[in-house]
Amino acid sequence: AAATAIARLRSSGSSIWVGLLSGTGPMIFQRLMVTQGISMSNLVMSQVMPVPTTSSTDAIVRNYANATTNTNQTSDVSSLEGYLISKFALLALTNIRVGQLSSSALLDSVYRTTSMEVEGLTLGPFLDTVCSSQQNCDCNCGLRQVWLSAPTT
């Protein structure tokens with residue numbers, strides 16, 4: 001839908017800047033746009049992970065690059081997100097006593113730890129409570145950062 005809307009804007013001669021929240025990562029969207037011949041000019045995307053090919057200063061990106069060296073793994077935001085999730089799960093699992101692994105023990109581990117530091121990124125806070133509609137709830141959201149990228153053709 002976003003690609004179609006951008007194509008209409010571009011075909012009408014509009015050069016307005018477009019900002020997108022990316023659930024797929026900029027590289028996947030860029031491939032879609034390029035294959036449809038849609039201009040990537042004046043387009044900014046946000047994602048919940050740094051772009052692995054351009055954010056080499058982030059510790060998690062460096063460690064991800066080292067972990068995937070000599071593999072056929074595609075280096076993209078989705079893959080990096082999977083890497084982070086696996087590191088998070090491993091931390092949560094290490095807080096569970098041997099022989100007591102269960103889904104409730106995993107949740108208890110996350111809530112008991114509250115926040116977790118994973119290769120320079122803070123995830124959490126995770127709380128076992130429900131926020132009322134009158135509260136500003138900033139729990140159970142994972143990362144508190146957004147990265148921007150300007151995909152190119």
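Reader: Which residue in strand 2 is the bridge partner of Gly19?

Author: This is a predicted model, in which local features need pLDDT of at least 70, side-chain atom pairs count only at pLDDT 80 or more, and totals for chains, interfaces and linings use all residues. Residues are numbered from 1 along each chain as its sequence is written, and side-chain values use heavy atoms, with hydrogens and water left out. Strand 1 (residues 18-21) and strand 2 are paired in the parallel sense over 4 bridges; strands (E, at least two residues) and helices (H or I, at least four) are DSSP runs numbered from the N terminus, and two strands pair if DSSP finds at least two bridges between them. In strand 2, the partner of Gly19 is Val44.

Reader: How many residues of strand 2 are buried?

Author: Buried means under 20% relative accessible area, exposed over 50%, and partly exposed in between (1.4 Å probe, protein chains only). Strand 2 covers residues 43-47 and is mostly covered, the buried count being 4 of 5.

Reader: Which residues of helix 5 are buried, and what arc do they fall within?

Author: Helix 5 (residues 103-113) has Ala105, Ser109 and Val110 buried. The arc is taken from the directions from the helix axis to the C-beta atoms. Seen down the axis of helix 5, the buried residues line one face, because they fall within an arc of 140°.

Reader: Which elements are included in what covers those buried residues of helix 5?

Author: Contact means heavy atoms within 4.5 Å. The cover over the buried residues of helix 5 includes strand 3 (116-118) and helix 4.
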